[in-house]
Amino acid sequence: MSDSFRQYQYEHPMGQRSLVHLTTAMTINAYIEEAAKTATAEIRTAQPGWSRSPEALERALPKTLECLSRGVRVRTIYQHVARFNEPMKEYVRRGAELGVEVRTVADSHFDRMVIVDSTVAVVSTSAEHSSACAITDPGVVGFLTDVYDRAWSHGKPFVVTGPHAASTDVVPEIRRRIKHLLMAGHSGSYIARRVGLRKRAYDNHVAAIKAELHASNLVQLGVMLATNQERETEADPGTDERLHRAEGE
């Protein structure tokens with residue numbers, strides 16, 4: 001057991017608090033590793049974006065294998081953009097060979113999260129992922145588990161392919177999500193983070209959408225997107241309801 005985890009246990013005895021703050025990356029990792037060692041059924045993880053270093057991905061594989069060898073199911077959600085990152089693709093390929101289940105989604109409705117046996121959840125609380133909350137309250141963990149499972153049900157299985165096939169598979173969905181978030185009035189930086197894109201990549205997608213609709217600027221693009229949505233709603237009254245439902249899922 002690591003010294004950092006012992007220090008955490010000393011400061012926050014297990015079972016005495018339903019929510020505790022983890023304030024360093026070392027403590028977060030130690031807590032998750034110790035929780036994973038107690039897993040008996042399933043570990044769910046969500047990793048928005050694909051910023052994990054190749055070294056971090058390499059270190060994660062033996063720990064994942066240890067869980068799988070005990071019969072623990074391991075599921076992971078990434079964003080669609082992970083399909084274009086070579087180290088991530090190699091990690092997913094090797095993980096899938098071991099039995100890890102991986103899906104991707106266009107939009108991240110939560111930050112980094114790990115749920116162990118539906119009894120404890122660790123949720124990132126900072127953009128730099130340097131702090132987190134460990135939650136054991138059954139109601140809250142149950143809610144987070146349901147949110148995760150809903151995202152999983154909408155995800156696409158992460159099949160390792162070349163860039164062209166990956167683009168065909170997920171880029172249309174990424175752009176649909178960008179359109180919906182633009183119509184909702186969100187800023188470019190917010191939308192880019194939601195869909196896991198760096199600024200340049202986000203700008204390229206917006207430029208492609210503008211070209212598709214022959215819009216000369218963002219204001220005109222917003223008007224044209226709203227007009228198109230109104231036409232779709234008139235043609236199919238259920239469209240607007242589905243869009244709002246998708247926004248909340």
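Predicted model: local features only at pLDDT ≥ 70, side-chain atom pairs only at ≥ 80, totals over all residues.
Residues are numbered from 1 along each chain as its sequence is written, and side-chain values use heavy atoms, with hydrogens and water left out.

Is Cys67 buried or exposed? Cys67 counts as buried, because its relative accessibility is 6%. Buried here means under 20% relative accessible area, exposed means over 50%, and partly exposed is in between (1.4 Å probe, protein chains only). Which residues does Cys67 touch, leaving out those up to four places away in sequence? They are Ala36, Ile43, Val72 and Val74, where contact means heavy atoms within 4.5 Å. Cys67 and Thr40 are 27 residues apart in sequence, yet their C-alpha atoms are 8.6 Å apart in space.

Now let's zoom out to the chain. You can count 10 helices and 8 strands in its secondary structure. Of its 249 residues, 41% are buried. If you take the contacts with a separation of 6 or more, 72% of them are between residues 24 or more positions apart.

Next, the strands. In what order do the 8 strands lie in the open sheet? Reading across, we have β1-β7-β6-β5-β2-β3-β4-β8, with mixed pairing. Two strands pair if DSSP finds at least two bridges between them. At the edges are β1 and β8 (156-157), each pairing on one side only. Further in, β6 and β7 are antiparallel partners over 4 bridges. To see one such link on your screen, find Val123 and its bridge partner in β7, Cys133. Helix α2 lies across β1, β2 (42-46), β5, β6 and β7, and runs at about 155° to β6. For angles like that one, axes are lines fitted to C-alpha atoms, for helices over the stretch in contact, and angles run from 0 to 180 degrees between N-to-C directions.

On to the cores. A nonpolar core is a set of buried Ala, Val, Leu, Ile, Met, Phe, Trp, Tyr and Cys residues joined through side-chain atoms within 4.5 Å. The largest one has 29 residues, and the members touching the most others are Ile43, Tyr78, Met88 and Tyr91. Elements giving two or more residues to this core include β1 (19-22), α2 (25-37), α3 (54-69), β3 (73-79) and α4 (86-98). Among the others are β5 (113-116), β6 (120-124) and β7 (132-135). The biggest giver is α3, with 5 residues. There is also a second, separate core of 16 residues, and Ile174, Leu197, Val206 and Ile209 are among its members.

Helix α6 (residues 163-183) and helix α8 (residues 199-213) pack at about 85°, with 10 Å between their axes. So α6 is roughly perpendicular to α8; the cut-offs are under 35 degrees for roughly parallel, over 145 for roughly antiparallel, 65 to 115 for roughly perpendicular, and oblique for the rest. From α6, the contact uses Val171, Ile174, Arg175, Ile178, Lys179 and Leu182. From α8 come Tyr202, His205, Val206, Ala208, Ile209 and Glu212.

Let's look at His205, which lies in α8. His205 counts as buried, because its relative accessibility is 11%. Beyond residues up to four places away in sequence, His205 touches Val171, Ile174, Arg175, Ile178 and Leu197.

I'll finish with some loops. Where is Ser118? Ser118 lies in the loop between β5 and β6. Its phi is positive, about 55°, although it is not a glycine. Ser118 is partly exposed, because its relative accessible area is 34%. Thr145 itself counts as buried, at 9% relative accessibility. Another positive phi, near 60°, belongs to His214, also a residue other than glycine. You'll find His214 in the loop between α8 and α9 (218-235). His214 is exposed, because its relative accessible area is 68%.
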